Amino acid sequence: MLVLLGIAVVVIGFIARFNPLLVIMAAALVTGIAGGLGPVETIEAFGKAFNDNRYITVVWLVLPVIGLLERYGLQERARILVAKMRGATTGRILTAYFVLRQISSALGQTKLGGHPQMVRPLVAPMAEAAAETRYGALPDKVRWRIRAHSAAADNIALFFGEDIFIAIASILLIKGFLEQNGIIVQPLDLSKWAIPTAIVALVIHGARMLWLDRGLVRELGEPAPAQPAAEVAR
Amino acid sequence: MITLEWVYVVAGLTFAAFGILSLRDPENPKRLKNAAFWGVLAVSFLFGSYLGDLGNGLLVIVLVLLAGIGGLGQGKPPTTTPEERLASAQQRGDRLFLPALIIPVTALLGTLVLAKLEFGGAKLIDAKDPTLVALALGVVLALAVGAAWLRPPLLAPLQEGRRLMDAVGWAGVLPQMLASLGAVFALAGVGEVIGRLISEYVPLDTRFLAVTTYCVGMALFTIIMGNAFAAFPVITAAVGLPFVVQRYGGDPAIVCAIGMLAGFCGTLCTPMAANFNVVPANLLELPDRNSPLNGVIRAQIPTAVPLLVANILLMYFLAFRF
């Protein structure tokens, strides 16, 4: 029971808004010591895991490329592209990205999206530009909401698309777990049962993204007539 | 053979460059701390394989203290003005998208083609992790193309990279830290204790209660751990297999497949899933990025909750029929 103290440290630490890195380190020490590991052993276990998990942080290698292209106007270009599209709305752009991301994930191509590679340089600026083209300058609150929804679209499409692919980590984890318990299943038996949830996710979240457009109308009034692209592509 | 270790060296050199450039940034009042933070991270990437477990553990503690006490600053690397960017975007046109597309296309080709290439019997890429090696190759290729076409100042890619890295800040190592915490939780047996508590204290008298407990348990434990993969073996061993499958006769493939997806509904609701929920809030510079319920999580909860209900119903109506 004492090992659950670490979870309490995490919850309290996050709510009290201590720096999450400090909270995690404290939770690891409390959990390790409560679990009978001893402080030095706990630090060793954490150090080994940190070293083994370096691959997670490798994703930041893309930042110099994205930053360089931003320097030469990548976000502005994404905005110009949207301003030229007739009928582009925030909700429709996010829904289109959602569908593409879900399909490519279902085919195993989970690396074709992501927050540093796609959402920050392209998806969020496009979603914002669609609203700007219609309503002019956006209040900050609306801008933050559109950005948050851009990140959400990427996450939800990925989570409820990738399991349809047979060789994704979670499917292999399930297969391995069942095998240890003497149950043999084929990856396809697992992945096909991810399809119903994927469809429900598309329906629920697709509807919410399109409702986002209605919320914009309610808050910002009826769309203004189209403006020249250069003016809105700030 | 190109292995993950090569990628770590490239990443280590990049973080080292962020550190050195931070040191020389007079606009950042905390430039020494920024330099030390990215420098220590560079040491981890360059030499982590030789430091031993205790050495790596102490390194992490230094990293945590640097960021945790007083936080990091935000540098102001030299970059272009909004007007220059707009002019460049109009002049260069849609071709600006091409270098950005090199990275995913290389990652795609890397997994499909490069991973199978052999030279004199040795594989070109370590087959265990072709995507990350391909990602790094894609970055190098995109930088080469970008530099040849755009002719930026020599240090511009690193300075622009540092601009974005500073926007993310210490949250950049948060996912790696949380994964390590998960490892300590596993070692200390946290999962087993939670599993025992659920099966002892939650009534599982009917098929529907068992399914609901399993799905909600997956979501809740994922919220705590930040990771459905960590929750899955624990909750499935405690509730999914013994009750939903064995006592009530659910199909194990359907129960496990949908159970994992119920866990993903939890992932959408928690700051512990840092790479999905906290990192983008930083990248998109949301003002509430450090709140436990930041804008990204608030945008996701209204989808996560009905989707969890849908998973419960799908499992209930499918698992006992097929």
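A:Arg17 sits in the loop that joins helix H1 (5–15) and helix H2 (20–34) of chain A, where helices (H or I, at least four residues) and strands (E, at least two) are DSSP runs numbered from the N terminus. Its phi is near 60°, a positive value in a residue other than glycine. A:Arg17 is exposed, with 11 other C-beta atoms within 10 Å; a residue counts as buried if 20 or more other C-beta atoms lie within 10 Å of its own, as exposed if 12 or fewer do, and as partly exposed in between, with C-beta atoms placed from the backbone.

This is a predicted model, in which local features need pLDDT of at least 70 and side-chain atom pairs count only at pLDDT 80 or more, while totals for chains, interfaces and linings use all residues. Residues are numbered from 1 along each chain as its sequence is written, and chains are lettered from A and ligands numbered from 1 in the order in which they are written.

**A loop residue in chain B**

- B:Arg151 has a positive phi of about 50° although it is not a glycine, and its place is in the loop between helix H6 (130–150) and helix H7 (156–168) of chain B.
- B:Arg151 counts as exposed, with 8 C-beta neighbours inside 10 Å.

**Chain B as a whole**

- The secondary structure of chain B comes to 15 helices and 2 strands, and its C-alpha atoms fill a box of roughly 70 × 50 × 45 Å, taken along the principal axes.
- Of the 322 residues of chain B, 54% count as buried.
- When contacts in chain B between residues at least 6 apart in sequence are considered, 70% join residues at least 24 apart; two residues are in contact if their C-beta atoms, placed from the backbone, lie within 7 Å.

**The largest nonpolar core**

- The largest nonpolar core has 189 residues, of which B:Phe37, B:Leu63, B:Cys215 and B:Ala257 touch the most other members; such a core is a set of buried Ala, Val, Leu, Ile, Met, Phe, Trp, Tyr and Cys residues joined through C-beta atoms within 7 Å.
- Helix H11 (residues 228–247) of chain B gives the most to this core, with 12 residues.
- Leaving aside its neighbours within four places in sequence, B:Cys215 is in contact with B:Gly259, B:Ala262, B:Leu308, B:Asn311, B:Ile312 and B:Met315.

**A:Val123 and the helix pair around it**

- A:Val123 lies in helix H7 (residues 115–135) of chain A, and with 27 C-beta neighbours inside 10 Å it counts as buried.
- Beyond its neighbours within four places in sequence, A:Val123 is in contact with A:Tyr97, A:Met118, A:Ser150 and A:Asp154.
- The axes of H7(A) and helix H8 (residues 140–162) of chain A come within 9 Å and cross at roughly 135°, where axes are lines fitted to C-alpha atoms, for helices over the stretch in contact, and angles run from 0 to 180 degrees between N-to-C directions.
- That angle makes H7(A) oblique to H8(A), given that angles under 35 degrees count as roughly parallel, over 145 as roughly antiparallel, 65 to 115 as roughly perpendicular and the rest as oblique.
- The residues of the contact of H7(A) with H8(A) divide into 9 nonpolar, 2 polar and 4 charged; Ala, Val, Leu, Ile, Met, Phe, Trp, Tyr, Cys and Pro count as nonpolar, Asp, Glu, Lys and Arg as charged, and the others, Gly among them, as polar.

**Where the two chains meet**

- The contact takes 117 residues from chain B and 100 residues from chain A, and the largest share of the side of chain B that touches chain A, 13 residues, comes from helix H8 (residues 174–188) of chain B.
- By class, that side of chain B has 83 nonpolar, 26 polar and 8 charged residues.
- The axes of helix H11 (residues 195–220) of chain A and helix H15 (residues 295–318) of chain B come within 10 Å and cross at roughly 150°, which makes H11(A) roughly antiparallel to H15(B).
- The residues of the contact of H11(A) with H15(B) divide into 9 nonpolar, 4 polar and 1 charged.
- The axes of helix H5 (residues 74–84) of chain A and helix H4 (residues 82–92) of chain B come within 8 Å and cross at roughly 60°, and H5(A) and H4(B) are therefore oblique to each other.
- This contact is made by A:Glu76, A:Arg77 and A:Ile80 of H5(A) and B:Arg85, B:Leu86 and B:Ala89 of H4(B).
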